[in-house]
Amino acid sequence: MQPMTVQEIAAAAGGVWQNPRADAPIVSAVSTDSRKIQPGCLFVPWAGARFDGHDYIDQALEGGAAGCLCARLPETLREDKFYIQVPDTRLALKALASAYRDQFSIPVIQVTGSVGKTTTKEMIAAVLGAKLRVWKTPENYNNDVGTPLTLLGLTREHEAAVIETGMNHFGEIEYLTEMVKPDVAVISNIGDAHIEYLGSREGILKAKCEIFTHLKKDGLAVLNGDDALLDTVAEPFHTVRCGKSEHCQARVTEIADHGVEGIRCTVVTEKERYALDIPAPGEHMAYAAAIAAAVGEALGLNREEIVRGAASYVPAGSRMRVLRLLERRMLLDDCYNANPQSVAAALEILARTECDKRVAVLGDMGELGDIRSRAHYNMGALAAMLGIDLVFAIGSGDLAGKIADGVALSGGSVQYFPTKEEALPELRRQLGPGTVMLVKASHAMKFEWLVERLQNL
């Protein structure tokens, strides 16, 4: 974050500095977590459903924060700290981040989608990083807290920014886009994630298309050209569609799948032909690569830079992370999150992996609404159809239990466990020499606990 005065923060956030003094500090960091305070930072208390960060203002100031935004002033104000009173800290943080973003004239790419947002964000950042100094959304900072904090992380050294934005309700993408003000808007696809709150895929499309509400007038829209719903989008912007279909302006051809070693594909645009080596498994990686090539080309990168950038891609977190263990054992750690589309893609990768035995460890998928039973059953049936040797279904009886039903009734082999703790001993036994084990479920299932223990087998 570039240094800001207390006066500048108050003006940007629409607040009133309650105890002004002449020797006010300069602020160069912002935190919403009283446990993670940097010396001299601005603390922004967050009010949640079960907590109110205003109760921790004194703790944050004692921990080194220079001052705070607050909708509710503490009873006693410290003379050595500043207090900026605002009507709503959430909206004040948004206003602060929006004003701060306006200081930068660099290209900003905003990414959303049902599946693969982070993968697409990381691929775009990798490609642009071959030429530019890129700032990107860290970890999963893609919501109404993370996005403004990401924008406030911009500095003068950055030459481009790639901002990931997520949502599960109408209005959220528009709320975030108003801060981001993208030059390039990217939608990776439209799937079933969050359908519980949005009603249908058409509802999901409508929510994702809020990304265009604050796209610059001369901005670029980059879309998955093989997504039937995205093909209905006709926004008044220059649009590049990416995919295998003939109508795509960034067309994917000649995909060679090398299993867990990654893929090779060719992306053809009106200007150039890119032969890309992607060091990550799954044919779906070709879409992220095509989108990144389109963005890179639009920002003036040459062929060598785009090819080199794509080859430097590294998966973020537990997103199809390949862990090689002793005696040809392998874990496919894809447990960051799960929905029907991403589980299907992961199972296909497992099915194509050369090994002695293939095991899928699958758990509950969240926020699927009325389709949850059918979606879980179909995932089990797909695993059996793909010839997965053994499926572990772990979780609630009405979700993971449906996975088990799908496997069993489709002729596959399955074991069901209500909890990951109960499943662990049998998982360890089944992870024998030459075995590849996929681990995937929604983030709430915390299957990284399993990965950690299996990795230390």
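This note goes through some features of a predicted model, point by point.

1. Because the model is predicted, local features need pLDDT of at least 70 and side-chain atom pairs count only at pLDDT 80 or more, while totals for chains, interfaces and linings use all residues. Residues are numbered from 1 along each chain as its sequence is written, and side-chain values use heavy atoms, with hydrogens and water left out.

2. The sheet comes next. Six strands form an open sheet with mixed pairing, in the order β17-β18-β22-β19-β20-β21, where strands are DSSP runs (E, at least two residues), helices are runs of H or I with at least four residues, and both are numbered from the N terminus. Two strands pair if DSSP finds at least two bridges between them. The edge strands, β17 (321-324) and β21, each pair on one side only, and the twist from one strand to the next averages 15 degrees. Within this sheet, β19 and β20 run parallel and are joined by five bridges, and Ala 360 stands opposite Val 391 in β20.

3. Helix α14 (residues 420-430) lies across β19, β20, β21 and β22, running at about 165 degrees to β20; axes are lines fitted to C-alpha atoms, for helices over the stretch in contact, and angles run from 0 to 180 degrees between N-to-C directions. Its residues Lys 420, Ala 423, Leu 424, Glu 426, Leu 427 and Gln 430 are buried, a word that means under 20% relative accessible area, with exposed over 50% and partly exposed in between (1.4 Å probe, protein chains only). The buried residues of α14 pack against β19 (357-363), β20, β21, β22 (435-440) and α15 (448-455), contact being heavy atoms within 4.5 Å.

4. How many aromatic pairs does a search of the whole structure find? The search finds three, where rings of Phe, Tyr and Trp (its six-membered ring) pair if their centres lie within 6.5 Å, and planes under 30 degrees apart count as stacked, over 60 as edge-to-face and the rest as tilted. One of them joins Tyr 100 and Phe 104, and this pair is tilted, at 5.2 Å centre to centre and 55 degrees between the planes. Tyr 100 is buried at 0% relative accessibility, and Phe 104 is buried with a relative accessible area of 7%. The rings of Phe 392 and Phe 417 form a stacked pair, because their planes are at 15 degrees, with their centres 6.1 Å apart. This pair links distant parts of the chain, since Phe 392 in β20 (residues 390-394) and Phe 417 in β21 (residues 414-417) are 25 residues apart.

5. Two charged side chains are placed over rings. The charged end of Lys 94 sits over the ring of Tyr 175, 4.1 Å from its centre, and that of Arg 319 sits over the ring of Tyr 336, 3.7 Å from its centre; the criterion is that NZ of Lys or CZ of Arg is within 6 Å of the ring centre and within 35 degrees of the ring normal.

6. The search of the whole structure finds zero disulfides.

How values were computed:
A disulfide is a pair of cysteine sulfur atoms within 2.5 Å.
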